[in-house]
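Subject: The structure I promised you

Hi,

Here is the structure we talked about, with the sequence alongside. Open it up first, then read my notes below with it on the screen.

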Amino acid sequence: MSTRETPVDLALEQRATARIVLIAAAAALGGFLFGFDTAVINGAVEAIRGGFQLDAARIGIAVSCALLGSAVGAWYAGTLADRLGRVRTMQVAALLLAASAIGSGLVTGMWDLILWRVVGGIGVGMASVIAPTYIAEVSPAHVRGRLGSLQQLAIVLGIFAALLSDAWLASAAGGAEEPLWFGLAAWRWMFLAATIPALVYGALVLGVPESPRHLVARGRMAEARDVLREVLAMRSDAALDFKLGEIERSLKMEYRPRLRDLRGPRFGLLPVVWVGILLSVFQQFVGINVIFYYSSALWHSVGFSEADSFSITVVTSIINVLVTLVAIALVDKVGRKPLLVVGSAGMAVTLALMAWCFSEAVGSGAGLTLPAPWNITALIAANAYVVFFGISWGPMVWVLLGEMFPNRIRAVAMAVAAAAQWLANFVITSSFPALAEIGLSFAYGLYAAFALISLLFVVFAVRETKGMELEDMPG
């Protein structure tokens, strides 16, 4: 909230109306597709590996190739959003995701699977940038954290829906490799199922208004005034004039930001941009997506049945949803930074415990097992790890990335940070099969070390943004 003297009290004028909640929820559905599209591969990993005869390196590429597309989509999303608008960009993302779902379900080999997964990844990357940016730009400051957290809630719901549908389809067919409807294997239907939410997302975003900040940047002041009046219930002309003036002043230096606007004195970039990039990198380097991309194969590899492995994965995703709800309740009360500190500390401990448990595995190859009590301890540690991530680095990073950058560079800085996140995700996801062959204990010990480093980073480098107006964010 601005500390300058104002002609009106914006704290009283801006309200979190039912309309803004619905608009934010519709935009956040892009996060649902983000979660669904990236996690749906979990149930298909073993079937794809066997069906296409892939070794560890190639299955790592097949699983993670979508993330390269996501990096591309995130990189260009800011430019598209500034040119076409936030809403139109979300519609393009929906079309790419629908095409990817159909294409991935009908592939005939590894290379066309990679092609369609990359197409879907581009859509996911675009949605990952635009949804939090849009939500931050239409939300009142006092509830922006909670509305911004809808993105992460939608992501974890998408992960849950993907894993649940994977488990149900595999069960209905008698296995992921077994035929289901129209002679197509269950793993193919896992991909095809993503068509439905993609089409729903595309339809819903048709009904959301354009971001007032984008409208002001394009000189469409009357439309921006109408949106502010509609979504924030601002009835006073004085309040509307003041808010429009605030937005205009924050944008006057640069209406169409470029990468050169991110240049600064610290290794070529502004300090705030480095903070955004490192937030994105650490969110992935703690290894969370190993849980959601490989968990079924992971638990199966240490002695659990295929059915039990699917069930464990679904339970983990339910826990992820529940703790995200807790994070939404806490973000505007406790703040972003304290939750990140607690999350980093908790993840470091639980990941280290997982590494210890997997060091007790016996056997090798298909005969590898995790004996009692280490198997149960590993399960508890894995779910505790998801709890700590879900209340902190999951939602908080998206909230911070949507609000921490100054208005004049927000879209392009968000694109850079999100692209860095997807590249980090690719590194972790593609390397896990090879790391697992070295040893699961080594892999999770590495993630524990990154969690510890992330704790130091938050303490010394991350600035709290709770309650600040977007127009007041320092550069």
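Let's start on the surface: Val-72, Trp-75 and Tyr-76 make a nonpolar patch there, with about 300 Å² of accessible area together. Some terms for that. A patch is built from residues with over 30% relative accessible area and no salt bridge, joining nonpolar side chains (Val, Leu, Ile, Met, Phe, Trp, Tyr) within 5 Å and like charges within 9 Å. A salt bridge would be a side-chain nitrogen of Lys or Arg within 4 Å of a carboxyl oxygen of Asp or Glu. Accessible areas come from the Shrake-Rupley method with a 1.4 Å probe, and for residues only the protein chains shown count as cover.

Before going on, some housekeeping: this is a predicted model, so local features need pLDDT of at least 70 and side-chain atom pairs count only at pLDDT 80 or more, while totals for chains, interfaces and linings use all residues. Residues are numbered from 1 along each chain as its sequence is written, and side-chain values use heavy atoms, with hydrogens and water left out.

Trp-75 sits in helix α4 (residues 56-84); helices (H or I, at least four residues) and strands (E, at least two) are DSSP runs, numbered from the N terminus. Trp-75 is partly exposed, because its relative accessible area is 36%, and the cut-offs are under 20% for buried, over 50% for exposed and in between for partly exposed (1.4 Å probe, protein chains only).

Now the whole chain. How many helices and strands does the protein chain have? There are 20 helices and zero strands. Of the 475 residues in the protein chain, 62% are buried. The accessible surface of the protein chain is about 17400 Å², and carbon and sulfur atoms own 67% of that. Among contacts in the protein chain with a separation of 6 or more, 80% are between residues 24 or more positions apart; a contact means heavy atoms within 4.5 Å.

Next, the helices towards the end of the numbering. Two packed helices are described by the angle between their axes and the distance between the axes. The axes are lines fitted to C-alpha atoms, for helices over the stretch in contact, and the angles run from 0 to 180 degrees between N-to-C directions.

Helix α18 (residues 393-403) packs against helix α19 (residues 410-438) at an angle of about 150 degrees, with the axes 9 Å apart. That is why α18 and α19 are called roughly antiparallel: angles over 145 degrees get that label, those under 35 are roughly parallel, 65 to 115 is roughly perpendicular and the rest are oblique. The α18 residues Val-397, Trp-398, Leu-401, Gly-402 and Glu-403 meet Arg-410, Met-414, Ala-417 and Gln-421 in α19. Is α18 mostly covered or uncovered? Mostly covered, with eleven of its eleven residues buried.

On to the next pair: α19 and helix α20 (residues 440-461) have axes that come within 6 Å and cross at roughly 135 degrees, so α19 and α20 count as oblique to each other. Among the α19 residues that meet α20 are Ile-428, Phe-432 and Leu-435, and their partners in α20 include Leu-440, Phe-442 and Tyr-444.

- Ser-100 lies in helix α5 (residues 86-105) and is buried, at 1% relative accessibility. Leaving out residues up to four places away in sequence, Ser-100 touches Asp-37, Trp-116, Arg-117, Val-119 and Gly-120.
- Ala-26 is in helix α2 (residues 18-39) and is buried, at 10%. The C-alpha atoms of Ala-26 and Val-208 are 182 residues apart along the chain but separated by 7.6 Å.
- Ile-288 belongs to helix α14 (residues 288-301) and is buried, at 3%. From Ile-288 to Asn-425 is 137 residues in sequence and 9.2 Å in space, C-alpha to C-alpha.
- Phe-182 is in the loop between α7 (144-173) and α8 (186-192) and is exposed, at 78%. Most residues other than glycine have a negative phi. Phi of Phe-182, though, is positive, near 55 degrees.
- Arg-263 is in the loop between α12 (237-251) and α13 (271-285) and is exposed, at 60%. Beyond its neighbours within four places in sequence, Arg-263 is in contact with Gly-268, Leu-269 and Leu-270.

Cheers
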